[in-house]
Amino acid sequence: MRNLRLIINREYLARIRNKTFIIMTFMSPLIFVGMILLIAYLSMLNSTEQKIIGIHDESGMFASEFKDGEQVQYLDYSGKSLQEAREEVLDNEYFGLIHIANVAPGENAKIEFFGKDTPGFGTIENIEKTISDKLTREQLIARGIDVSEIDKARADVSVDIQNFAGERSSKMSNYIKMFFGGAAGYLLMMFIIIYGNMVMRSVIEEKTNRIIEIIVSSVKPFQLLLGKVLGTSLAGITQFTIWVILGTVLLFSISSFLGIDPLAAQMPASNVVSEVAKPEINQLVIDILNLPYASLLGFFVIYFIGGYFLYSAIYAAIGAAVDSETDTQQFMFPIILPLILGIYVGFFSVVENPHGTVSTIFSIIPLTSPIVMLMRIPFGVPWWEIATSIIILIATNFGVLWLSAKIYRVGILMYGKKPTYKELYKWLKY
């Protein structure tokens with residue numbers, strides 16, 4: 001036990017005293033905050049930048065239907081030829097030109113868009129909707145249907161969402177849960193990759209310097225492996241804590257000083273939020289306040305420890321098996337694959353069906369459970385599923401640590417040969 005404590009102290013102090021570690025500890029929040037503020041600033045510029053679009057309407061039906069907005073202004077070139085309109089738009093460096101050919105009764109409009117770049121989805125959707133609405137009304141009138149009566153008969157429907165216990169939720173609730181769960185899962189994945197590689201590099205460095213030959217003479221390989229994982233994880237937690245505190249202070253201090261809203265870099269679904277009624281916004285705020293923050297934070301710590309120990313043991317075993325970081329490439333893909341798979345399952349399966357078969361299975365499999373289960377928790381997960389997932393993760397940790405220690409014991413003293421998967425399997429039998 002004393003040896004284990006000494007190894008942990010040595011690994012921890014070696015990490016936090018490293019110049020690169022110190023520099024990145026204080027520089028990373030500055031870089032991260034700078035990126036957020038830059039994205040927010042560019043988003044603000046993009047939202048205030050106005051596009052000028054020309055319209056060449058040969059039918060004379062649609063030009064007046066396009067209304068100017070905060071981000072777009074329409075200019076009518078219908079009185080000129082198409083060639084003249086194109087040249088003028090190009091000379092003035094406008095965003096583009098909409099050309100609408102003559103429309104015979106009962107036919108669909110032929111629309112062309114000329115521009116230097118392909119217009120965004122929102123621009124195309126607005127053009128199609130404007131022309132489609134106008135054509136629909138004209139065809140209804142041509143068939144003798146009173147359009148005004150249809151408008152009067154149009155009914156607005158709003159779905160009131162609540163569970164069987166009577167608890168209400170908003171239509172945007174899943175986006176909020178996805179954001180918090182996805183952020184936790186993605187953060188955990190990045191943490192595992194960054195600090196798992198740190199463990200591996202530490203093992204390779206000691207092996208190549210032959211320091212390990214002296215250490216293993218007085219310490220059992222399992223203790224050495226466990227001490228490295230624990231010491232590096234404590235250094236990682238220290239660095240991460242400093243990042244969170246320093247990053248939060250910098251973000252709000254600098255954004256307040258510069259007058260930039262860091263929330264200007266909104267989610268892709270933010271345009272939906274602007275169309276939601278005020279009662280729905282109020283319900284959305286209630287949903288955000290009612291999120292299980294304590295559970296999410298508590299289980300983040302649990303799954304962080306479990307997931308990090310699991311992957312760090314594998315990283316350490318790989319570091320012991322090779323002589324240089326270049327030789328680790330053949331073993332890295334099988335390690336990264338479950339992490340990437342967990343992220344994809346989380347974003348493409350958990351969001352749509354958090355309690356489905358795929359989501360449930362991957363939240364129990366230990367290699368993906370730390371990520372997928374964190375994404376599921378905001379949606380509400382039965383306690384027995386979480387307990388099962390944690391128990392299997394802990395049991396797998398002991399199994400992987402035992403197997404990694406066997407590889408570590410043999411590989412740490414072997415030099416000059418690139419191991420294969422077949423040789424690693426043989427080492428497990430020693």
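Are Arg 15 and Glu 11 buried or exposed? Both residues are buried, where buried means under 20% relative accessible area, exposed means over 50%, and partly exposed lies in between (1.4 Å probe, protein chains only).

The views below show a predicted model, in which local features need pLDDT of at least 70 and side-chain atom pairs count only at pLDDT 80 or more, while totals for chains, interfaces and linings use all residues. Residues are numbered from 1 along each chain as its sequence is written, and side-chain values use heavy atoms, with hydrogens and water left out.

**View 1. Salt bridges at Glu 11.** The structure holds 7 salt bridges, a salt bridge being a side-chain nitrogen of Lys or Arg within 4 Å of a carboxyl oxygen of Asp or Glu. Glu 11 pairs with Arg 15, with 3.1 Å between the closest N and O atoms, and these two residues lie 4 residues apart in helix α1 (residues 2-16), which puts about one helical turn between them. Helices here are DSSP runs (H or I, at least four residues), numbered from the N terminus. Glu 11 also meets the side chain of Arg 10 in a salt bridge, at 3.0 Å from N to O. Glu 11 counts as buried at 1% relative accessibility, whereas Arg 10, at 39%, counts as partly exposed.

**View 2. The salt bridge between Asp 133 and Lys 129 in helix α4.** The side chains of Asp 133 and Lys 129 form a salt bridge with an N to O distance of 2.9 Å. Because Asp 133 and Lys 129 are 4 residues apart in helix α4 (residues 121-142), about one helical turn separates them. Asp 133 is partly exposed, with a relative accessible area of 36%, and Lys 129 is exposed, with a relative accessible area of 52%. Elsewhere, salt bridges with shared partners connect Arg 10, Glu 11, Arg 15 and Lys 228 in one network.

**View 3. The contact of helix α11 with helix α12.** The axes of α11 (residues 293-321) and α12 (residues 329-350) come within 11 Å and cross at roughly 170°, the axes being lines fitted to C-alpha atoms over the stretch in contact, with angles from 0 to 180 degrees between N-to-C directions. The two helices are therefore roughly antiparallel, a term used for angles over 145 degrees. In α11, Tyr 311, Ile 314, Tyr 315 and Ile 318 meet residues of α12 including Phe 331, Met 332 and Leu 339, contact meaning heavy atoms within 4.5 Å. The residues of this contact comprise 10 nonpolar, no polar and no charged, where Ala, Val, Leu, Ile, Met, Phe, Trp, Tyr, Cys and Pro count as nonpolar, Asp, Glu, Lys and Arg as charged, and the others, Gly among them, as polar.

Conventions:
Parallel < 35°, antiparallel > 145°, perpendicular 65-115°, else oblique.
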